[in-house]
Amino acid sequence: MSQVSQNHNNQDDLMRLLVAVSREDRAAFRQLYQCVSSRMFGMCLKLAGQRDLAEEALQEAFIQIWHRAREYHTDRGMPLGWMMSIARYRTLDMMRARKVRHNSGEQHLEHIADGREGPLDESLRSAGEAQLTGCLDELTDVQRDSILLSYYKGLTHDELAETLSSPLGTVKSWIRRGLMALKRCLEK
């Protein structure tokens, strides 16, 4: 069986499982977890860089999938992409929350978290979460991860290059091209 048809069958299987989960089928939920949890955990761990945070984000993502399975429809992308997006956003939200909690105990003004919304928050509000999620899913993994790590972890280009084990110029290109692709996609 070719990779393309195998991937299509996998997406069909995931779709059937999501439909069953939307009907609160616990056996289907268990099977869905077995099918995608390792891939989702890998992505959470790559973003978070901390096993405990990645495990917690994965658990939270599956709780959301259980509760939001009825909301899934094909215009939100492929089933795996939709679930990976949930896991990605849960991971990033938890990273952000931990950063704010960590900073809240600091006595120095330079460590006080800025409560204003950032550019990604503005994009989410104006373009809608579904559209932004779809646009982020169109980026390559390295572009998406570079942009999200830069925004949520506040990593500099140098820190990103070290984190992603890639040359500085390459990381800058990923971010620049990713942001241009996001802009084009959101303007559609």
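Let's start with the disulfide. Cys 135 is joined to Cys 185, with the sulfurs 2.0 Å apart. Keep in mind that this is a predicted model. The count comes to one disulfide. The angle about the S-S bond is -80 degrees, which makes the link left-handed. Where are the two cysteines? Cys 135 sits in helix 6, residues 129–138, and Cys 185 sits in helix 9, residues 168–187. The pair therefore ties together parts that are 50 residues apart in sequence. Both Cys 135 and Cys 185 are buried.

Cys 35 is partly exposed, at a relative accessible area of 44%. Cys 44 is buried, at 0%. The cut-off for buried is under 20%, so Cys 44 at 0% falls below it.

Now the overall fold. The protein has nine helices and zero strands. Along the sequence the pattern reads α-α-α-α-α-α-α-α-α. There are 188 residues, and 39% of them count as buried. What about contacts along the chain? Take contacts between residues at least 6 apart in sequence: 65% of those join residues at least 24 apart.

How far does the confidence go? The average pLDDT is 78, and 77% of the residues score at least 70. Two stretches to flag. Residues 1–8 have a pLDDT below 50, and beyond near neighbours in sequence that stretch makes two contacts in the model. Residues 106–112 also have a pLDDT below 50, again with two contacts beyond near neighbours in sequence.

On to the core. In soluble globular proteins, nonpolar side chains tend to be buried together. Here the largest nonpolar core has 50 residues. Which residues have the most contacts inside it? Leu 18, Leu 32, Met 40, Ile 65 and Met 83.

Let's zoom in on Leu 18. Leave aside its neighbours within four places in sequence. Leu 18 then touches Leu 32, Ile 65, Ala 69, Tyr 72, Pro 79, Trp 82 and Met 83.

The structure holds four aromatic pairs. In one of them, the rings of Tyr 72 and Trp 82 have centres 5.2 Å apart. Their planes meet at 55 degrees, so the pair is tilted. Tyr 72 is in the loop between helix 3 (51–68) and helix 4 (79–104), while Trp 82 is in helix 4, ten residues apart. Are these two buried or exposed? Both Tyr 72 and Trp 82 are buried. There is also a cluster: ring pairs link Phe 29, Tyr 33, Phe 62 and Trp 66.

Next, charges. The whole structure has seven salt bridges. I'll take some of them.

One of them joins the side chains of Arg 70 and Glu 24, at 3.4 Å from N to O. Arg 70 lies in the loop between helix 3 and helix 4, and Glu 24 lies in the loop between helix 1 and helix 2. So this pair ties together parts that are 46 residues apart in sequence. Arg 70 counts as exposed, at 58% relative accessibility.

Arg 68 and Glu 71 form another, at 3.3 Å from N to O. Glu 71 counts as partly exposed, at 39% relative accessibility.

Then there is Arg 144 with Asp 141, where the closest N and O atoms are 2.3 Å apart. Both lie in helix 7, three residues apart, about one turn of the helix. Asp 141 counts as partly exposed, at 48%.

Asp 145 is buried, with a relative accessible area of 6%. What does Asp 145 touch beyond its neighbours within four places in sequence? Lys 46 and Leu 47.

How values were computed: Residues are numbered from 1 along each chain as its sequence is written. This is a predicted model: local features need pLDDT of at least 70, side-chain atom pairs count only at pLDDT 80 or more; totals for chains, interfaces and linings use all residues. Side-chain values use heavy atoms; hydrogens and water are left out. Rings of Phe, Tyr and Trp (its six-membered ring) pair if their centres lie within 6.5 Å; planes under 30 degrees apart count as stacked, over 60 as edge-to-face and the rest as tilted. Helices (H or I, at least four residues) and strands (E, at least two) are DSSP runs, numbered from the N terminus. Buried means under 20% relative accessible area, exposed over 50%, partly exposed in between (1.4 Å probe, protein chains only). A disulfide is a pair of cysteine sulfur atoms within 2.5 Å. Contact means heavy atoms within 4.5 Å. A nonpolar core is a set of buried Ala, Val, Leu, Ile, Met, Phe, Trp, Tyr and Cys residues joined through side-chain atoms within 4.5 Å. A salt bridge is a side-chain nitrogen of Lys or Arg within 4 Å of a carboxyl oxygen of Asp or Glu. pLDDT is the predictor's confidence in each residue, from 0 to 100.
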